[in-house]
Amino acid sequence: MPAYLEALDTAGVKIVNVHAMNPQKNLPTVMALMVLNSPKNGAPISIMGATYLTSMRTGAAGAVAARLLARQESKIVGLVGAGVQARTQLLGLSRIFKIDHVVVSDRSLESAIAFEKDSKAFLECDYFPTTNPKEACDCDILVTATPARQPVIRESWIKPGTHINAIGADARGKQELESTLTWNSKVVVDDILQAVHSGEVNVPISEGVMRQEDIYAQIGEILVGRKPGRISQEEITIFDLPAWEFRMSPQAS
């Protein structure tokens, strides 16, 4: 992920891997390395681990989206997947909303229980660990953070007014939400080209269930006021954010 910031006269690249089987080897699923260079002479300025940076930035992006798209009075958060990304998503949300109940679902009940223990370090509230993703959908804000290639969330499970941060799909063919749920919701993405290629919308679009034109907005368009965020208490909103990348298109930044 290369970038150049003219105002800071700094160029850099972040190298990111995604290996779903890494936890079995006691390694993170996502790891990253950041290298900064001087554009004037190419000399390295800094080399740093960026795994923590990646997780925190993704959590912050999800929180920004929820601030714009979720109901202001949201108090119940549901999470499907109890990994690192789910933790930073909840951390970000806890800075914006008065959360009093968290339902965390994972295929491993032990992982869901460990999530509760870790998260209480920054958010004291009622937690309900479970292995049933449907139970996590009884919420105001739902976070999906899994490597699923088949939907784990059904449209019939989602209540009117729910906001969803869908961050697990980060490659072509990955999908967490039932295609009809995505099509029937207000979908906001970070970057349209990236989302169509590898975000949550990639499968519904490839199936012909929805078109690129059905995407409501890029998050930057809402941030700068070109389009409104949530406009009713009943609409279902989705923020499509691949967990390992967050970029703004020039026209929406």
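Let's start with the pocket lining. By class, the lining of the largest pocket has 19 nonpolar, 13 polar and 5 charged residues. Here Ala, Val, Leu, Ile, Met, Phe, Trp, Tyr, Cys and Pro count as nonpolar, Asp, Glu, Lys and Arg as charged, and the others, Gly among them, as polar.

A word on the source. This is a predicted model, where local features need pLDDT of at least 70 and side-chain atom pairs count only at pLDDT 80 or more, while totals for chains, interfaces and linings use all residues. Residues are numbered from 1 along each chain as its sequence is written, and side-chain values use heavy atoms, with hydrogens and water left out.

Back to the pocket. The largest pocket holds about 1,100 Å³ of space. Its lining counts 37 residues, and Thr29, Gly83, Ala145, Thr146 and Pro147 lie nearest the centre. Helix H1 (51–69), H2 and helix H3 (109–119) each give two or more residues to that lining. Which helix gives the most? H2 does, with 4 residues.

So, H2 itself. Among the buried ones are Gln85, Leu90, Leu91 and Leu93.

Now rings. The structure holds 0 aromatic pairs (Phe, Tyr or Trp ring centres within 6.5 Å). Tyrosine 216 does meet charges. The charged end of lysine 186 sits over its ring, 4.4 Å from the centre. Lysine 227 has its charged end over the ring of tyrosine 216 too, 5.3 Å from the centre. The cut-offs are NZ of Lys within 6 Å of the ring centre and within 35 degrees of the ring normal.

Notes:
Buried < 20%, exposed > 50% of the residue type's maximum accessible area, 1.4 Å probe, protein only. Phe/Tyr/Trp six-rings, centres within 6.5 Å; stacked < 30°, edge-to-face > 60°. 1 Å grid on protein atoms, 1.4 Å probe; cavity = no way out; pocket = protein on both sides within 12 Å on 5 of 7 lines; lining within 4 Å. Points joined across faces, edges and corners; volume = space filled by probe spheres on them.
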